[in-house]
Amino acid sequence: MNGFSGWLILLAAVAAVAIATIAGLRTAEEESPGGTKVSNSESPATSRFQHPVVVNHPTGPPRIATGKVDALGREITLSCASCHANRESHLETNNEKDLKEFHQGLHFAHGTLKCVSCHNPGDYNSLRLAEGRSLPFAEVQSLCSQCHAPQARDYEHGAHGGMNGHWDLSRGPRQRKGCIDCHDPHAPSFPGMVPTFKSRDRFLAPLQEGKPHE
Amino acid sequence: MSDPANTPEKAEKISLPIIGEVSRRTVLKGIGATLGLGAFAAAIAPLTQFKDQTSLNEFLQQHYKELDDEDKKQIFARLEEEARENYGADVKIRDPKPIPGVRYGYAINLSLCNGNGKCAEACHRENNHDRAVNQSYIRIFEMPKGTSDMEQGSTTYDHAVPQPDKYYLPVQCFQCENPPCVEVCPVEATWQEADGIVVVDYNWCIGCRYCQAACPYHARRFNWRAPEIPAEEVNPDQGYLSNRIRPQGVVEKCHFCMHRTREGKLPACLEACPTGARIFGNLLDPNSEISWVLKNKRCFVLKEELGAKPTLYYFFN
């Protein structure tokens, strides 16, 4: 009798540990690589297995094109640190006209920010939060969210930013655009567009004389 | 033939010798009969066409709600065959059912929409619309700021967007909770499904267009012609009540991409929107994106006073 209840307690303990582990894994999954918390909605209709929500994000620091090719014809690109590691930071630079040697053609229109408002002068292969903490390029969305809180809030609830895939995560995954898919971080206002598709149904234009009614 | 003809005086009085002495009454009868036959032939002429275009099975098809699975299988096979014959496309026709516990809602952020029209184009391609007139279930109004009176909007704008003094209002079927279009249909060819989507059975529609007149939002379209679509552009993933190629002379409308959304996917117009202005989901799920928008944004519907209760909402940031 004693032996039996001992087994029961052991089983219960194992089960508890297993459940805790699974719960931990799930929480980890909900944290997206971009650092943005992804809302995984639970509902009566979708309380089964939940597919992931993948948020687009850069894989690492950008590579800068030099415009030169190597002997095999491959484009030569540099990491930010190639130049910035051994030169002084210009902490006051806040427009593209002051960029004399490199980054030619960069269009900057992001308020009154300076380069180092976002780029980390201590390590140009990373970004820097307002509080001074270094931030990997992959987590750029956290950087944007510091100032653009209403957009970040809407994004977190699925009400900002384009997406593809499934509305019902119990049936399939979803892929969401990240901030910099639509907004150039250096000139973030959404660009103007020209409509390329127009219906020609008869409600759209006034009827022309002599044309059939359809 | 009869006596008067043999009388020389009377024969001279007759002006048409071929008809002879046939009475005026008989001539009129003959003309009447000829005209009658002609009219009859003209009247049944469409039937000879009908024989070419419509199989007996299609003619005898029951209302969608009375079909069992075996009937549907045969009908879908017949429609797939017709698509192969008429459009040279291999298509697959299904009829996904409403998901229990789901009622669809849609919201459009008018602060983000810039009227670029990618949604209308995606609809055009997804739903096998007529290429000849660029048909689409979505119509975008360029509206002067400060009004929601559609009469003041323009849909034919053709310049860079957005214009600073304008906002852009995409209008499509709102899948109203109280749809006036359904009420007026004399043959019950259109009805509301359990997930809120108002559907049309294109094989049951008689093309009277009452529903088109009843819709306060001009959301329904009439197929004046059978759609023209090149074989390689036909979307083969088709639903019987949604995007299968419509025949001539029937009414159609937005169905929230039912063949996609009932399998959990997002509508084609949402995926195509480059501004992220569209939010879609389950109104009955309190944690869904659409529920969050309805709770936290100041949403409105068009022509609320009519009481149709649209389930597509608009909001500004």
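In this predicted model, Gly249(B) counts as partly exposed, because 15 C-beta neighbours fall inside 10 Å and a buried residue needs 20 or more. Gly249(B) sits in the loop that joins strand S8 (237-239) to strand S9 (251-252) of chain B. Leaving out residues up to four places away in sequence, Gly249(B) touches Gly207(B) and Asn223(B). Its C-alpha atom is 7.5 Å from that of Ile206(B), and 43 residues separate the two along the chain.

Chain B also holds an open sheet of four strands. The order is S10-S2-S12-S11, and the pairing is mixed. Strand S10 (278-282) and strand S11 (299-300) of chain B form the edges, each pairing on one side only. Helix H11 (residues 289-296) of chain B packs on this sheet and touches S2, S10, S11 and S12 of chain B. The direction of H11(B) makes about 110° with that of S10(B). Within the sheet, strand S2 (residues 104-109) and strand S12 (residues 312-315) of chain B run in the parallel sense and are paired over four bridges. Tyr106(B) has Leu312(B) of S12(B) as its bridge partner. Asn109(B) is bridged to Phe315(B), also in S12(B). On the other pairing, S11(B) and S12(B) are antiparallel, with two bridges between them. Here Cys299(B) stands opposite Phe315(B) of S12(B).

The contact between the chains draws 44 residues from chain B and 37 residues from chain A. On the side of chain B that touches chain A, helix H6 (118-126), S10 and H11 of chain B each supply at least two residues. S10(B) gives the most, with four residues. By residue class, this side of chain B divides into 16 nonpolar, 20 polar and eight charged residues.

H6(B) is mostly covered, with seven of its nine residues buried. The buried residues are Cys119(B), Ala120(B), Glu121(B), Ala122(B), Cys123(B), His124(B) and Glu126(B). Their cover includes strand S3 (139-144), strand S4 (166-171) and helix H10 (268-272) of chain B. Asn128(B) follows H6(B) and has a positive phi, near 50°.

The largest nonpolar core has 71 residues, and Cys119(B), Cys123(B) and Cys269(B) touch the most other members. Cys269(B) is in contact with Cys119(B), Ala122(B), Cys123(B), Ile138(B) and Arg278(B), neighbours within four places in sequence being left aside. Another core, of five residues, lies apart from the largest one; among its members are Val140(A), Leu143(A), Cys144(A) and Cys179(A).

Three of these residues belong to helix H4 (residues 140-147) of chain A, whose buried residues are Val140(A), Gln141(A), Leu143(A) and Cys144(A). These four lie on the same side of H4(A), because they cover an arc of only 155° around the axis. An α-helix has 3.6 residues a turn, so residues three or four places apart point the same way. The buried residues of H4(A) are covered by elements of chain A that include helix H3 (115-118), strand S4 (127-128), strand S5 (134-135) and helix H6 (179-182).

Chain A as a whole comprises six helices and seven strands. Along the sequence they follow the pattern α-β-β-β-α-α-β-β-α-α-β-β-α. Of its 214 residues, 16% count as buried. Among contacts in chain A with a separation of 6 or more, 47% join residues 24 or more positions apart.

Chain A has an open sheet of three strands, ordered S1-S7-S6 with mixed pairing. Strand S1 (53-55) and strand S6 (163-165) of chain A are the edges; each has a single partner strand, so one side of each is without a neighbour in the sheet. From one strand to the next, the twist averages 20°. S6(A) pairs with strand S7 (residues 174-176) of chain A in the antiparallel sense, over three bridges. In that pairing, Met163(A) has Arg176(A) of S7(A) as its bridge partner.

Key
Residues are numbered from 1 along each chain as its sequence is written. Chains are lettered from A and ligands numbered from 1 in the order in which they are written. This is a predicted model: local features need pLDDT of at least 70, side-chain atom pairs count only at pLDDT 80 or more; totals for chains, interfaces and linings use all residues. A residue is buried if 20 or more other C-beta atoms lie within 10 Å of its own, exposed if 12 or fewer, and partly exposed in between; C-beta atoms are placed from the backbone. Two residues are in contact if their C-beta atoms, placed from the backbone, lie within 7 Å. The arc is that of the directions from the helix axis to the C-beta atoms. Two strands pair if DSSP finds at least two bridges between them. Axes are lines fitted to C-alpha atoms, for helices over the stretch in contact, and angles run from 0 to 180 degrees between N-to-C directions. Ala, Val, Leu, Ile, Met, Phe, Trp, Tyr, Cys and Pro count as nonpolar, Asp, Glu, Lys and Arg as charged, and the others, Gly among them, as polar. A nonpolar core is a set of buried Ala, Val, Leu, Ile, Met, Phe, Trp, Tyr and Cys residues joined through C-beta atoms within 7 Å.
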